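Reader: I'm new to this, and I'd like to know where the labels come from. Could you show me the protein and let me ask about it?

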Amino acid sequence: LEEAAKRLLDGVRGAGVEPPTLEPTPALRLLLKRGEAVGLGGNLFASSEAADSVLEEIKTVCREEGEISLAGLRDRLGTSRKYAQAWLEYSDAAGVTSRTGDVRVLTRRYR
């Protein structure tokens, strides 16, 4: 199980901000339990390092511009709409942002 978890973590880390779609295997559940991976919904799983990086990017943009849109995050990350949407939903679920219309703003805690 440890070896499978290590291989899986290497793959997830290599994917960066475009995490793979994975089935919740015992190895993946171990990574989630340890906090080495996070679930973005829809069977998308990313490394905790990628999650921290994206959340920091979202906070930076929101502090500079007051808000962030799906298109804005997509362009900042250089990724597709699919991944930008998943990251914004993750940010909302983590309590970093809240949705206001078509944009996200920082929650009171992160302002």
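Reader: What order do the strands of the open sheet have, and what is their pairing?

Author: Keep in mind that this is a predicted model. The open sheet has three strands in the order β3-β5-β4, and the pairing is antiparallel.

Reader: What makes β3 and β4 edge strands?

Author: Each of them, β3 (68-69) and β4 (97-100), pairs on one side only.

Reader: How do you know that β4 and β5 count as a pair?

Author: Pairing takes at least two bridges between two strands. Four bridges join β4 to β5 (residues 103-106), so the pair passes, and the two strands run antiparallel. If you want a spot to look at, Ser98 stands opposite Val105 in β5.

Reader: What do β1 and β2 form, and how many residues are between them?

Author: They form a hairpin, with two residues between them. In the turn, Gly42 has a positive phi of about 60°.

Reader: Why is Arg34 called partly exposed?

Author: Buried means under 20% relative accessible area and exposed means over 50%, with partly exposed in between. Arg34 has 40%, so it lands in the middle class. You'll find Arg34 in helix α2 (residues 26-34).

Reader: How many residues apart are Arg34 and Ala86 in sequence, and what is their distance in space?

Author: They are 52 residues apart in sequence and 21 Å apart in space, C-alpha to C-alpha.

Reader: What share of the residues counts as buried?

Author: With that under 20% cut-off for a residue, 40% of the 111 residues count as buried. As for the surface, the protein exposes about 6,100 Å², and carbon and sulfur atoms supply 48% of it.

Reader: How do you know what radius of gyration to set the protein against?

Author: A compact globule with 111 residues would have a radius of gyration near 13 Å. The protein has 14 Å, so the value agrees with a compact globule. Along its principal axes, the C-alpha trace spans about 45 × 25 × 20 Å.

Methods:
Residues are numbered from 1 along each chain as its sequence is written. This is a predicted model: local features need pLDDT of at least 70, side-chain atom pairs count only at pLDDT 80 or more; totals for chains, interfaces and linings use all residues. Side-chain values use heavy atoms; hydrogens and water are left out. The radius of gyration is taken over C-alpha atoms; the globule rule is 2.2 Å times the number of residues to the power 0.38. Buried means under 20% relative accessible area, exposed over 50%, partly exposed in between (1.4 Å probe, protein chains only). Accessible areas come from the Shrake-Rupley method with a 1.4 Å probe; for residues, only the protein chains shown count as cover.
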